[in-house]
Amino acid sequence: MTLLRARGVVRSYGLTPALRGVTMEVAEGEIVAVTGPSGCGKSTLLHCLAGILRPDAGEVHYGEHRIDTWSEAARSRLRRTEFGVLFQFGQIVPELTAAENVALPLLLAGTGRREARTAALTWLDRLGVADLADKRPGEMSGGQQQRCAVARALITEPRVLFADEPTGALDTLTGEQVLGQLIRVARDQRTTVLLVTHEPRIAAYADREIALRDGQLDQTGLGLGEPLTGRLR
Ligand code: ADP
């Protein structure tokens, strides 16, 4: 079943075109990497699909709903209840412990403290950082902090996880480990994942790759992230 669909999505920032008519879809449970060089429109596409940005033209569908016409309040509610978002920086609150950070989305949704902490500990354990529960971000490595951010993005059990260069601030090895764990947990939970990355090695973890170039689907690589000529050689 198709869960997310962009149809002819166009988006500019002032006079700068970011998306020039992108049509793509993501099936439920699929892990899709959106790739392409810096500035090709990857983040803009993710923001449009997640209902953060509204396209200038075209349509965005989530399940049977067309969401780009929804009000900001309705899209914000959709994001809170159905989506998880994970970015490169600014994920976790420095004053809170790992467990408090991970529990935060549940506490904001009205879950009791004890129940939220228990869930946070379970999620920290799934990400292999249970021993950090009572540490603050200042006492953790970048990779450990990002594992907490992954746990926090998944604790509400979102149907879709939108991840924008989630390991972009980490070294290659740590980034791959964190991403490997993110994808393993997402597969266990049958979470649909839209993963923006400019690194082919990271994209290799996905089920499928959607390559962009200059705000459009890159047909030259047949969606495989490498130029056809390169593969024929
Ligand atoms: P990517 O994620 O592939 O790096 P983006 O979607 O961030 O690409 O950007 C696509 C284009 O839109 C680029 O030319 C970028 O400079 C421009 N752009 C992105 N965000 C803004 C913004 N907030 N204001 C102005 N231009 C922007």
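1. Angles under 35 degrees between two axes count as roughly parallel, over 145 as roughly antiparallel, 65 to 115 as roughly perpendicular and the rest as oblique. In this predicted model, the axes of helix 3 and helix 4 (residues 113-126) come within 8 Å and cross at roughly 120°, and helix 3 and helix 4 are therefore oblique to each other. The crossing in which helix 3 passes helix 4 is right-handed.

2. On the side of helix 3, the contact with helix 4 is made by Ala 98, Ala 99, Val 102, Ala 103, Leu 106 and Leu 107, while helix 4 contributes Arg 113, Ala 116, Arg 117, Ala 119, Ala 120, Leu 121, Trp 123 and Leu 124. Sorted by class, the residues of this contact are 12 nonpolar and 2 charged, with no polar residue.

3. Helix 3 (residues 98-108) also packs with helix 5 (residues 142-154), at an angle of about 25° and with the axes 7 Å apart; the two helices are therefore roughly parallel to each other. The crossing of helix 3 and helix 5 is again described as right-handed. Ala 98, Asn 101, Val 102, Leu 104 and Pro 105 of helix 3 meet Cys 148, Ala 151 and Arg 152 of helix 5, and the residues of this contact divide into 6 nonpolar, 1 polar and 1 charged.

4. Helix 5 has a further packing partner in helix 6 (residues 172-189), where the angle is about 20° and the axes lie 10 Å apart, so that helix 5 and helix 6 are roughly parallel to each other. Their crossing is right-handed. From helix 5 the contact takes in Gly 143, Gln 146, Arg 147, Val 150 and Leu 154, and from helix 6 it takes in Thr 174, Gln 177, Val 178, Gln 181, Leu 182 and Val 185. The classes represented in the contact of helix 5 with helix 6 are 5 nonpolar, 5 polar and 1 charged.

5. Turning to the strands, an open sheet is formed by 4 strands in the order 2-1-4-5, with antiparallel pairing. Its edge strands are strand 2 (16-27) and strand 5 (65-66), each of which pairs on one side only. Strand 1 (residues 2-13) and strand 2 pair in the antiparallel sense over 9 bridges, and Thr 2 stands opposite Ala 27 in strand 2. Helix 1 (residues 42-49) packs on this sheet, where it touches strand 1, strand 2 and strand 4 (57-62), and its direction makes about 125° with that of strand 1.

6. Another open sheet has 6 strands in the order 6-7-8-3-9-10, with mixed pairing. Strand 6 (83-86) and strand 10 (216-217) stand at its edges, each with a single partner strand, so one side of each is left without a neighbour in the sheet. Strand 9 (residues 208-213) and strand 10 run antiparallel and are joined by 2 bridges, with Leu 217 in strand 10 as the bridge partner of Leu 212. Helix 1 packs on this sheet too, touching strand 3 (31-35), strand 6, strand 7 (160-164), strand 8 and strand 9, and its direction makes about 155° with that of strand 7. Helix 6 lies across strand 3, strand 6, strand 7 and strand 8, running at about 140° to strand 3.

7. Leaving aside residues up to four places away in sequence, Thr 191 touches Gly 29, Glu 30, Ile 31, Leu 154, Pro 158, Arg 159, Val 160, Leu 161 and Ala 186.

Key: Residues are numbered from 1 along each chain as its sequence is written. This is a predicted model: local features need pLDDT of at least 70, side-chain atom pairs count only at pLDDT 80 or more; totals for chains, interfaces and linings use all residues. Side-chain values use heavy atoms; hydrogens and water are left out. Axes are lines fitted to C-alpha atoms, for helices over the stretch in contact, and angles run from 0 to 180 degrees between N-to-C directions. A crossing is left-handed if the near helix is turned anticlockwise from the far one by less than a right angle, and right-handed if clockwise. Contact means heavy atoms within 4.5 Å. Ala, Val, Leu, Ile, Met, Phe, Trp, Tyr, Cys and Pro count as nonpolar, Asp, Glu, Lys and Arg as charged, and the others, Gly among them, as polar. Two strands pair if DSSP finds at least two bridges between them.
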